[in-house]
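Here is a short briefing on one protein model. Look at the sequence and the fold, then read the points below.

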Amino acid sequence: MAPGDVTRSASRTFELLGAITEQGGLTLGDAAKAAGLATSTALRLIRSMEQSEFLVRGDDNVYRAGPRLLQIGARAISDNQLLSRARPAMVAIAEETRESTYLSTHGPKGTALYLAQIEGTHAIRHMGWVGQTVPLVGTAVGAALRGDLQSEGYAIAHDTLEDHSTGVAAPIYDAVGRIVGALSVIGPTFRLDDALCAQHGLVLVARCRALSAELGSPTAER
């Protein structure tokens, strides 16, 4: 196989694997369509990933992440310095705001990727975005990752991705001053009015500045 063919095959494999895992599982036909591949090509690649346990097929004929992929993902998460350092701040934010708190970073193809969540304690709370990606434009977390902030250092977005949900986010900086992540809270819009958003925003900014200082940021307030 020529080098160009190897590269193309690898690219198709990763696109197919990404499409399946991002959707939480797909049938062969849907996976091929999502990756822009012929069904026969998708089947060949999927069979290869089944053999290596990157994918498994359920009784419903839906392909999902297999044990090998889960093992690699778990190891990557455990080795992620940002995640391990951010967790105490996330716990504190969730306790202070009572809202579901998220850690995000830059995702593929100009997105924000949700890495971790601490669930809020309100009866009505936001749940379940870990592993999902959202646009950088039009979202609070996207604005934080782009550095598009209000003067107080945080970003707010109402009812953008989900009706009746509001997000507030602030950026995390690394040792050379780059934005490497964001902490955010998400809750129902009826509860997160302007005053409460401002209050939560200041909590996020304070925690993000402390976390940035831990990462050696020259711009963080110590």
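β7 and β8 pair in the antiparallel sense, over nine bridges. Strands count as paired if DSSP finds at least two bridges between them. Helices (H or I, at least four residues) and strands (E, at least two) are DSSP runs, numbered from the N terminus.

This is a predicted model, in which local features need pLDDT of at least 70, side-chain atom pairs count only at pLDDT 80 or more, and totals for chains, interfaces and linings use all residues. Residues are numbered from 1 along each chain as its sequence is written, and side-chain values use heavy atoms, with hydrogens and water left out.

**The sheet**

- Six strands form an open sheet in the order β5-β4-β3-β8-β7-β6, and the pairing is antiparallel.
- β5 and β6 are the edge strands, and each pairs on one side only.
- From one strand to the next, the twist averages 30°.
- Helix α7 packs on this sheet and touches β6, β7 and β8. The direction of α7 makes about 20° with that of β7. Contact here means heavy atoms within 4.5 Å. Axes are lines fitted to C-alpha atoms, for helices over the stretch in contact, and angles run from 0 to 180 degrees between N-to-C directions.
- Threonine 166 has glycine 187 in β8 as its bridge partner.

**Strand β3 and its neighbours**

- β3 covers residues 100-107, and six of its eight residues are buried. Buried means under 20% relative accessible area, exposed means over 50%, and partly exposed lies in between (1.4 Å probe, protein chains only).
- Five bridges join β3 to β8 in the antiparallel sense. In β8, isoleucine 186 is the bridge partner of serine 100.
- β3 also runs antiparallel to β4 (residues 111-118), with seven bridges between them. Tyrosine 102 stands opposite glutamine 117 in β4.
- Three residues lie between the strands in the hairpin of β3 and β4, where lysine 109 takes a positive phi near 55°.

**Helix α7**

- α7 has 21 residues, 194-214. At 1.5 Å a residue it should span 30 Å, and its end C-alpha atoms are 30 Å apart, so the two agree. The expected span is 1.5 Å times one less than the number of residues.
- Buried residues of α7 include Cys197, His200, Val203, Leu204 and Leu211.
- The buried residues of α7 pack against α5 (81-97), β6 (155-158), β7 (165-173) and β8 (179-188).
- Glycine 216 follows α7 and has a positive phi, near 90°.

**Threonine 139**

- Threonine 139 is in the loop between β5 (133-135) and α6 (140-146).
- Threonine 139 is buried because its relative accessible area is 6%.
- The side chain of threonine 139 reaches the backbone oxygen of proline 135 at 2.7 Å. That side chain also reaches the backbone nitrogen of glycine 142 at 3.0 Å.
- Leaving out residues up to four places away in sequence, threonine 139 touches Val134, Ala157, Thr160 and Leu161.

**Positive phi in loops**

- Most residues other than glycine have a negative phi.
- Asparagine 61 is not a glycine, yet its phi is positive, near 65°. Asparagine 61 is in the loop between β1 (55-57) and β2 (63-65). With a relative accessible area of 44%, asparagine 61 is partly exposed.
- Histidine 164 is not a glycine either, and its positive phi is about 70°. Histidine 164 is in the loop between β6 and β7. Its relative accessible area is 60%, so histidine 164 is exposed.

Technical notes
A polar contact is a pair of N or O atoms within 3.5 Å; within protein, one must be able to donate a hydrogen and the other to accept it, and residues adjacent in sequence count only if both atoms are side-chain atoms.
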